[in-house]
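Subject: Structure handover

Hello,

Here is the structure I said I would pass on. My notes on it follow below.

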2 protein chains.
Amino acid sequence: MKTGADQEVIPSKEECNASVNAIRDALYVLNGKWKLPLIFTLREGPKRFNEIHKVVYGITPKILSKELRELELNGFVVRKVYPTTPVTVIYESTPYSCTLRNVLDELRSWGFQHREKIKQSMRQSETKSLPAEV
Amino acid sequence: MKTGADQEVIPSKEECNASVNAIRDALYVLNGKWKLPLIFTLREGPKRFNEIHKVVYGITPKILSKELRELELNGFVVRKVYPTTPVTVIYESTPYSCTLRNVLDELRSWGFQHREKIKQSMRQSETKSLPAEV
DNA sequence: CCGGATCCGCCTAGATACTG
DNA sequence: CAGTATCTAGGCGGATCCGG
């Protein structure tokens, strides 16, 4: 909340805030249960709605639709409509989605080592700091 | 590429799944509204509960308590209790939290360029693919 | 075939108040 | 000072039905 003149002028606060915002943007784009599976799935090749629906099983059409729309807004996939009867809709991963590579690589390797580390420390004291293994 | 053997080279579903899980672990650890601010704040130096409560303004004691517990479980902070009267509790960032550096760097730079990119494409068609700037 | 619309239940953040 | 206790609200994901 803005209270006007109460700025506690901590020098690096703005920078930190900018970083936090940027990181949050990135996290926001990947959040939720289905974004990753969808990105990975579509990276295997273009697919139709029901193809995706089968491959990423468990997702409902509504959610799939919503997720695809978000991925499209973020430029990760393109939605191509072919005017057949009935229409054919193809979802396709874009080159832009490749810009995620470093991010995803870092997340993956860090996530992997972290799970190992947590499993270690769960030996001496049971904790619940990660979601269950699927 | 494979020379046309009858073996379908299906990019192992297991691998993708493992990647997705690892990435999800990493995202899980950073999720929510307060994890990043807290990590950044504590990286400036050890702090007491109410200090954090003031610096990360907007957070409630309950949430702060919960978030700190999670950060502790993940090994990012240590909670040191000094038996003064009343007790003094110091939260302190650990060396392990530095292992996040690459991840956070990638997320930050990608997030930054992504917001720029989205702002661009919002020129031609208004979209709402990112949370509002704070 | 490709979704949209609607309803619903859960989870969790948040507000507020209180305690050792 | 360093947190808990209790209650509420709302967002998100899911199920199901509907429509172009």
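This is a predicted model. I start with a salt bridge inside chain A: K119(A) pairs with E116(A), and their closest N and O atoms are 3.6 Å apart. The two residues sit three apart in helix α5 of chain A, so about one helical turn separates them. K119(A) counts as partly exposed, with a relative accessibility of 35%, and E116(A) is also classed as partly exposed, at 32%.

Chain B has salt bridges of its own. E44(B) is paired with K47(B), with 3.9 Å between the closest N and O atoms. Here E44(B) is partly exposed at 44% relative accessible area, whereas K47(B) is buried at 10%. Another joins E67(B) to K66(B), the closest N and O atoms being 3.4 Å apart.

Back in chain A, a network of salt bridges links K35(A), K66(A), E67(A) and E70(A). Over all chains, the search finds 20 salt bridges.

Next, the interface. Between chain A and chain B, about 4,500 Å² is buried, and carbon and sulfur atoms give 68% of that area. The contact involves 49 residues of chain A and 50 residues of chain B. Two salt bridges are found across this interface; one of them runs from R115(B) to D25(A), with the closest N and O atoms 2.7 Å apart. There are also 12 residue pairs in polar contact between the two chains. On the side of chain A that touches chain B, the elements giving two or more residues are α1 (13-30), α2 (35-43) and α5 (101-124). That side is made up of 26 nonpolar, 12 polar and 11 charged residues.

As for the fold, chain A has five helices and three strands, in the order α-α-β-α-α-β-β-α along the sequence. Of its 134 residues, 40% count as buried. Among contacts in chain A with a separation of 6 or more, 41% are between residues 24 or more positions apart.

Finally, the core. The largest nonpolar core has 58 residues, and those with the most contacts inside it are L30(A), F76(A), L107(A), F76(B) and L107(B). Leaving aside residues up to four places away in sequence, F76(A) touches residues including V29(A), I39(A), L71(A) and L100(A) of chain A, and also W110(B).

Regards

Conventions: Residues numbered from 1 in each chain as written. Chains lettered and ligands numbered in written order. Predicted model: local features only at pLDDT ≥ 70, side-chain atom pairs only at ≥ 80, totals over all residues. Heavy atoms only, no water. Contact = heavy atoms within 4.5 Å. Buried area = accessible area lost by both parts, 1.4 Å probe. Salt bridge = Lys/Arg side-chain N within 4 Å of Asp/Glu carboxyl O. Polar contact = N/O pair within 3.5 Å; in protein donor to acceptor, adjacent residues only side chain to side chain. Helix = DSSP H or I, 4+ residues; strand = E, 2+ residues; numbered from the N terminus. Nonpolar A, V, L, I, M, F, W, Y, C, P; charged D, E, K, R; others polar. Core = buried A, V, L, I, M, F, W, Y, C linked by side-chain atoms within 4.5 Å. Buried < 20%, exposed > 50% of the residue type's maximum accessible area, 1.4 Å probe, protein only.
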